Amino acid sequence: MGYRDILYDKYASFFARSTQPIEDANRETRLLNYYFRGWLPAPGAAVLDLGCGDGGLLRRLAQAGHTDLTGVDRSPEQLARAAAGGAARWLQGDALEHLAQAGAEARYDLIIARDLVEHLTRDELLRFLPLCRAALRPGGRLIVQTPNGDAPLVGSVRYGDLTHELCLTPELARRLLEHAGFSGFEAREAGPVPRGYSPVASCRYALWQAVRGALLFYNLIELGNRGSGLFTRVFLFSATRPRS
């Protein structure tokens, strides 16, 4: 029996975030609207959430009018939480196996993998990205959220879960996606947002920009360039399957 068989059976109890109260869920909806800006398709698109956890993301998309939603997760505890909330088709299973089956149809307009790829081995990641491309329709988009190897304090996230195998940098993510046949790579920080939340949030954003400036200066001194310019402990990246 491997560590995944031992830990994923009770993953929700020991490693995953607990279900959020409504006020926190509403806050996360606003954050996701900012982090995913320009990346989400119109309602009616086919969306697949791999490693969907308790299903919170798909429920928020359902509230925005999306109806063709599928969530896949290996943890039975997580799927039980997700299914209790309705809003999508919930499937228990391995993400790679689901993608291998979906690739024959190329039916998805958007595939989301939040906090998933860090759980894959190198061999699995090199299978995962081409499988995502095959499962997307031409022009379809992949969105990934994962720990950021460029972040100075990433260790608390990278080593905070025994099932983590990998840690990517934005540049490595770009190269891997291009190798898998994606185009239009874009990466973003998952940090404080600029406005529209609260005076505390605005203050955090301003202070974060000062910290970012110092880290950019550090890179310029050591490396002679800005580096990726992304320093939050978690970052997001996205790319699309070319239309031709």
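Trainee: Which strands does helix H4 lie across, and at about what angle does it run to E2?

Mentor: The model is predicted. In this model, helix H4 covers residues 56-63 and lies across strands E1 (46-50), E2 (68-73), E3 and E4 (108-114). Its direction relative to E2 is about 175°.

Trainee: In what order do the 7 strands of the open sheet stand?

Mentor: Strands of a sheet pair through backbone hydrogen bonds, either parallel or antiparallel. Here the pairing is mixed. The edge strands, each pairing on one side only, are E3 (89-92) and E6, and the twist averages 15° from one strand to the next. The order is E3-E2-E1-E4-E5-E7-E6.

Trainee: Over how many bridges do E5 and E7 pair, and which residue of E7 is the bridge partner of Thr-146?

Mentor: Strand E5 spans residues 136-147 and strand E7 spans residues 234-240. They pair in the antiparallel sense over 7 bridges. In E7, the bridge partner of Thr-146 is Phe-235.

Trainee: Which strands does H7 touch, and what angle does its direction make with that of E5?

Mentor: Helix H7 packs on the sheet, where it touches E1, E4 and E5. The angle between the direction of H7 and that of E5 is about 145°.

Trainee: At what angle do H6 and H7 pack, and how far apart are their axes?

Mentor: Two packed helices are described by the angle between their axes and the distance between the axes. Helix H6 comprises residues 95-102 and helix H7 comprises residues 122-135. H6 passes H7 in a left-handed crossing. The angle is about 35°, and the axes are 9 Å apart.

Trainee: How many nonpolar, polar and charged residues has the contact of H6 with H7?

Mentor: H6 contributes Leu-96, Leu-99, Ala-100 and Ala-102 to the contact. From H7 come Glu-124, Arg-127, Phe-128, Leu-131, Cys-132 and Ala-135. By class, the contact has 2 charged residues, no polar residues and 8 nonpolar residues.

Trainee: Which element supplies the largest share of the lining of the second largest pocket?

Mentor: The second largest pocket holds about 170 Å³ of space. Helix H3 (22-35), strand E6 (183-189) and helix H10 (199-223) each supply at least two residues of its lining. The largest share, 4 residues, comes from H10.

Trainee: How do the residues of that lining divide into nonpolar, polar and charged?

Mentor: The lining of the second largest pocket includes Tyr-34, Tyr-35, Arg-37, Glu-189 and Trp-208. Gly-191, Pro-192 and Gln-209 are also among the lining residues. The division is 5 nonpolar, 2 polar and 4 charged.

Methods: Residues are numbered from 1 along each chain as its sequence is written. This is a predicted model: local features need pLDDT of at least 70, side-chain atom pairs count only at pLDDT 80 or more; totals for chains, interfaces and linings use all residues. Side-chain values use heavy atoms; hydrogens and water are left out. Axes are lines fitted to C-alpha atoms, for helices over the stretch in contact, and angles run from 0 to 180 degrees between N-to-C directions. A crossing is left-handed if the near helix is turned anticlockwise from the far one by less than a right angle, and right-handed if clockwise. Contact means heavy atoms within 4.5 Å. Ala, Val, Leu, Ile, Met, Phe, Trp, Tyr, Cys and Pro count as nonpolar, Asp, Glu, Lys and Arg as charged, and the others, Gly among them, as polar. On a 1 Å grid over the protein atoms alone, a cavity is a set of points where a 1.4 Å probe fits but cannot get out, and a pocket is an open set with protein on both sides within 12 Å along at least five of seven lines; lining residues have an atom within 4 Å of a point. Grid points are joined across faces, edges and corners, and a volume is the space filled by probe spheres set on the points. Two strands pair if DSSP finds at least two bridges between them.
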